[in-house]
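Please consider how the parts of this protein are arranged and what space is left between them.

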Amino acid sequence: MLSRMLFSLLNNLHVVEKLAESRPIRRAAQITAYAITKAQIAGRDASERVMRSQTLRQVREEAGKVPGDLGEMNHRLRKVRETFVNEVKQGWKDGSRQIKK
């Protein structure tokens with residue numbers, strides 16, 4: 001019964017217009033738009049960092065090479081792991097600096 005009443009109110013054009021003009025609904029829309037914009041900017045920044053990433057470059061280079069033996073493959077994987085760990089540490093430091101600002 002309550003859901004039917006709510007459904008009929010929300011289908012009433014006059015009620016929807018009044019709600020859209022109300023301050024709480026407008027503020028909620030502003031906050032939502034702000035959050036979406038910030039998320040898009042953060043996503044764009046993250047994708048740019050990934051594309052500039054030394055780890056990604058190394059993985060691409062190493063994928064094109066055929067390993068001679070297991071020792072060589074182990075050395076390559078260790079090098080990629082070290083680069084990845086260094087980039088994560090650097091990103092952690094950068095993030096901490098941004099939070100402090």
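**The lining of the largest pocket**

The lining of the largest pocket comprises five nonpolar, five polar and six charged residues (nonpolar being Ala, Val, Leu, Ile, Met, Phe, Trp, Tyr, Cys and Pro; charged being Asp, Glu, Lys and Arg; polar being the others, Gly among them). The model is predicted, and local features need pLDDT of at least 70, side-chain atom pairs count only at pLDDT 80 or more, and totals for chains, interfaces and linings use all residues. Residues are numbered from 1 along each chain as its sequence is written, and side-chain values use heavy atoms, with hydrogens and water left out.

α3 (23-52) and α5 (70-100) each supply at least two residues of this lining, and α3 gives the most, with eight residues. Helices here are DSSP runs (H or I, at least four residues), numbered from the N terminus.

**The two domains**

The protein is divided into domain 1 (1-67) and domain 2 (70-100), with bounds from an automatic or database domain assignment. Because domain 1 and domain 2 both give residues to the lining of the largest pocket, the pocket lies between them. Over C-alpha atoms, the centres of domain 1 and domain 2 are 29 Å apart. Their contact (heavy atoms within 4.5 Å) takes nine residues from domain 1 and eight residues from domain 2. Between domain 1 and domain 2 there are zero salt bridges, a salt bridge being a side-chain nitrogen of Lys or Arg within 4 Å of a carboxyl oxygen of Asp or Glu.
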